[in-house]
Amino acid sequence: MGARKREMAERLKEIKKQTAIAKLNDVPTSPRKMRLMADAIRGVEVNRALDILKYTKRESAVRLSKLVRSAIANWEAKNEESRKELENGNVYIKTIMVDEGRTLKRIRPCPQGRAGRIRKRSNHVTIVLDVKSVKEEA
């Protein structure tokens, strides 16, 4: 039983070694606006994703491109021997998650002495990179 657990742990370690994670917390953009850009690059090869983000006029695209570059650097640090995978276009964005962060509540004066709430939203973004598995056909 112990050998089986060791074998499974080794397999999980190999899987974790190929994946790279990057996080960006408390981005002062609403999660809805960030998700529009996240949906555009989900499942896309990283170099193509950087090109998509570069030619998009949204502010969230600039922040996401920095995060993708950070994830690429993390992947290169973990996989020094297989850097050619990045050049071949086998590294892609496996998952990208945009979660809601804290909301700053502000007050704006409204007519007739009332006060209106302003919600300044923020978000957290997590990117996971992985390598496409090449299926060899015999």
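Student: In which helix does lysine 54 lie, and is lysine 54 buried or exposed?

Tutor: This is a predicted model. Exposed means over 50% relative accessible area. Lysine 54 lies in helix H3, and its relative accessibility of 60% makes it count as exposed. From lysine 17 it is 37 residues away in sequence and 28 Å away in space, C-alpha to C-alpha.

Student: Which residues of helix H3 are buried?

Tutor: An α-helix has 3.6 residues a turn, so residues three or four places apart point the same way. In H3, residues 46-54, the buried residues are Val46, Ala49, Leu50 and Leu53. They line one face of the helix, because they fall within an arc of 100° when seen down its axis.

Student: What covers the buried residues of H3?

Tutor: Their cover includes helices H2 (31-41), H4 (59-78) and H5 (84-88), together with strands S2 (91-100) and S5 (123-131).

Student: Which contact is found at the start of H3?

Tutor: There, glutamate 45 places a side-chain oxygen within 3.1 Å of the backbone nitrogen of asparagine 47.

Student: Where is threonine 29, and is threonine 29 buried or exposed?

Tutor: Buried means under 20% relative accessible area. Threonine 29 sits in the loop between strand S1 (20-27) and H2, and counts as buried because its relative accessibility is 8%. Beyond its neighbours within four places in sequence, threonine 29 contacts Met34, Arg63, Arg121, Ser122 and Asn123.

Student: Which residues form a nonpolar patch on the surface?

Tutor: Met8, Leu12 and Ile15 do, with about 310 Å² of accessible area together. Methionine 8 belongs to helix H1, residues 2-18.

Conventions: Residues numbered from 1 in each chain as written. Predicted model: local features only at pLDDT ≥ 70, side-chain atom pairs only at ≥ 80, totals over all residues. Heavy atoms only, no water. Buried < 20%, exposed > 50% of the residue type's maximum accessible area, 1.4 Å probe, protein only. Helix = DSSP H or I, 4+ residues; strand = E, 2+ residues; numbered from the N terminus. Arc of directions from axis to C-beta. Contact = heavy atoms within 4.5 Å. Polar contact = N/O pair within 3.5 Å; in protein donor to acceptor, adjacent residues only side chain to side chain. Patch = residues over 30% accessible without salt bridge, like charges linked within 9 Å, V, L, I, M, F, W, Y side chains within 5 Å. Areas by Shrake-Rupley, 256 points an atom, 1.4 Å probe, with all protein chains shown as cover. Salt bridge = Lys/Arg side-chain N within 4 Å of Asp/Glu carboxyl O.
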